[in-house]
Amino acid sequence: MPSRKNQKSFGSNVPCNSVVSRRQALKAGAGSLAAGLYAGFSSKASAAKGGNGNGNKGKGKGNGGGGDGEGGTPFNFTPFTQPMPVPMVKQPIAVGTAPYQVGNVFHGVAPEYFNRVVAESPDLNYYEAHPTAFYEMRMQHALAEIIPGVQTPVYGYDGLYPGPTFKARVGQPCVVRHWNDLADVETSVHLHGGHNPAHSDGYPNFYVLPGRARDYYYTNTLPMENGVPDFNEAPSTMWYHDHGMDITDHNVLMGLAGFFLTYDDLELDLINRNVLPNDPYDIPIVLQDRRFNSDGTIFFDPLDHNGYLGDVMVINGKAQPFFRVERRKYRFRFLNGANARVFEVRLSNGQPFIGLGKDTWLFPNAIERDTLLLGMANRADVVIDFTDAPDEVFLENILPQDDGRGPSGTLADRKTEIPGVPLMKFIVEGPPQPGSATVDVGTPLRPHTQIHDDEVAFTRIFEFHRRKGAWQINHQFFDEHRADATPTLGTAERWILRNEGGGWWHPIHIHLESHQQILQEGRIPPLEDHFKSDTATLGAGTEIEILMKFRTFKGPFVFHCHNLAHEDMRMMFVFDPRIEPTIAPQPIQQSFP
């Protein structure tokens with residue numbers, strides 16, 4: 001059974017920044033480690049709880065006590081003393097004319113950069129409406145002050161944690177030259193929610209090797225429907241993160257994640273008409289958890305395959321920060337960027353959110369949401385109206401979780417605690433601004449096109465379960481060379497996602513396209529899950545039926561559990577859309593290492 005990469009220290013206390021490749025470790029004679037992993041071994045540290053089940057309790061009181069890996073993070077700190085930063089916006093180095101020879105790097109560029117046709121309709125070019133923007137990004141070692149007064153080594157895109165935010169127009173291609181300046185760390189960058197060629201999708205072993213670069217070609221295009229671009233699929237809130245094979249858990253934990261936002265004419269019109277808040281009142285926020293060693297490094301146990309839980313709640317790279325807001329409406333794009341923690345958040349004053357969208361896409365109409373359930377990788381695009389709010393409002397997590405298994409209860413009947421753990425504090429200031437934005441429950445946003453049963457060409461069943469201390473789909477471990485499903489381009493399929501893993505939760509992310517949840521446990525899904533998603537959360541014993549189309553680009557692509565330990569430990573399959581109908585399994589049709 002495959003094991004994890006890039007771990008150097010194999011005791012119960014593993015500094016997260018001590019890494020070498022798996023091949024180097026085996027050459028060095030770490031046979032006992034390999035034997036332990038093959039047997040599903042879990043070290044003493046992995047049995048220690050990450051805090052008390054819901055992170056640091058109380059009004060943000062820091063968790064303390066204990067040594068490395070034994071009793072949790074050994075730092076006390078005063079919460080809500082650090083301002084929450086807003087990630088900087090990444091600027092292109094050129095627009096229109098390339099400042100470098102695209103593809104003239106070790107890992108090249110997608111063939112689609114030179115041949116911009118729809119794979120299933122080669123007489124059509126895919127949608128493009130704006131000049132190409134060119135970027136350069138470097139994955140680097142850096143230091144971050146996550147806990148006040150404590151310097152923590154991290155990995156950062158451009159040395160920043162979280163990484164900078166990209167902003168682009170729908171139909172504006174972007175080329176990002178990603179350099180890997182991380183010694184001995186293999187990476188692969190995935191634009192989560194993007195509709196992009198396989199070369200640029202972050203396939204697990206399409207690496208950016210240390211000292212090398214890959215030109216990621218993000219088309220920011222739309223699937224074609226009846227020969228015209230389908231603007232109902234226009235993306236809004238995406239994010240990018242590491243996706244390297246066997247080491248995603250570690251690399252994301254170390255900081256490799258950031259937002260990627262796109263805008264089409266419809267969304268810009270909503271902003272320009274003051275329906276939706278504009279900058280600086282449109283704020284991306286990533287929710288994470290971390291656990292620290294006594295030297296300030298991030299604790300990580302490579303032998304724990306259940307899922308990483310931290311005992312310090314980290315918001316936009318800061319432990320339990322505050323954020324000053326005016327008495328007006330704000331748009332917040334919340335992302336669960338944690339490795340294994342499921343969040344369910346509410347406002348401490350009981351005020352509901354105005355829901356704008358889920359994952360990458362806007363809803364047809366704004367909806368009311370009392371809480372936001374966020375499986376790993378889920379996003380909730382919402383508006384909070386602070387016009388009549390009290391002077392202090394806390395964002396609380398009300399979903400306790402003791403280990404990587406997931407929260408207690410089922411997807412439909414979760415065991416919540418109110419009041420919850422405060423993640424951040426909003427400090428509300430100034431006079432009311434009642435005309436700040438007009439959006440309210442019921443406001444039209446983006447039309448939705450339902451996939452119908454008579455469009456379905458094939459039905460597939462995927463079962464997710466645990467075996468030999470690791471994780472499988474349909475009783476098979478991930479094989480990067482094997483296509484487990486070969487949908488025909490230009491068709492739709494029904495996928496039945498079935499959690500056979502006992503009490504374990506598995507948020508399933510499917511690359512390339514949106515999917516539409518039709519049934520959860522045989523019932524109509526909640527309203528927020530009824531439209532487009534890119535990550536469907538399977539709770540304990542859950543079965544979800546989805547419909548999905550396959551358009552524009554040939555494979556290979558992957559789908560997998562977004563508990564990143566489960567992903568690394570092989571709960572991942574390859575789907576490989578092809579022009580001609582093909583029976584799976586097959587070797588993948590193209591490779592771009």
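His566 sits in helix H6, which spans residues 564-568. The model described here is predicted.

**His566**
- His566 counts as buried, because its relative accessibility is 0% and buried means under 20%.
- Leaving aside neighbours within four places in sequence, His566 is in contact with His305, Asn306, Gly404, Trp471, Trp504, Trp505, His506, Cys561 and Met571.

**Asn339**
- Asn339 is found in the loop that runs between strand S18 (329-336) and strand S19 (343-347).
- With a relative accessible area of 1%, Asn339 is buried.
- A polar contact of 2.6 Å joins the side chain of Asn339 to the side chain of Asp249.

**Nonpolar cores**
- The largest nonpolar core has 40 residues, and Phe462, Phe464, Trp495, Leu497, Phe559 and Phe575 touch the most other members.
- Strands that each supply at least two residues of this core include S26 (456-467), S29 (491-499), S33 (543-550) and S35 (572-575).
- S33 gives the largest share of this core, four residues.
- Phe462 touches, among others, Ile473, Ala485, Trp495, Leu497, Phe559 and Phe573, not counting residues up to four places away in sequence.
- Another core, of 39 residues, lies apart from the largest one, and Ile146, Ile147, Phe166 and Tyr216 are among its residues.

How values were computed. Residues are numbered from 1 along each chain as its sequence is written. This is a predicted model: local features need pLDDT of at least 70, side-chain atom pairs count only at pLDDT 80 or more; totals for chains, interfaces and linings use all residues. Side-chain values use heavy atoms; hydrogens and water are left out. Buried means under 20% relative accessible area, exposed over 50%, partly exposed in between (1.4 Å probe, protein chains only). A polar contact is a pair of N or O atoms within 3.5 Å; within protein, one must be able to donate a hydrogen and the other to accept it, and residues adjacent in sequence count only if both atoms are side-chain atoms. A nonpolar core is a set of buried Ala, Val, Leu, Ile, Met, Phe, Trp, Tyr and Cys residues joined through side-chain atoms within 4.5 Å. Contact means heavy atoms within 4.5 Å.
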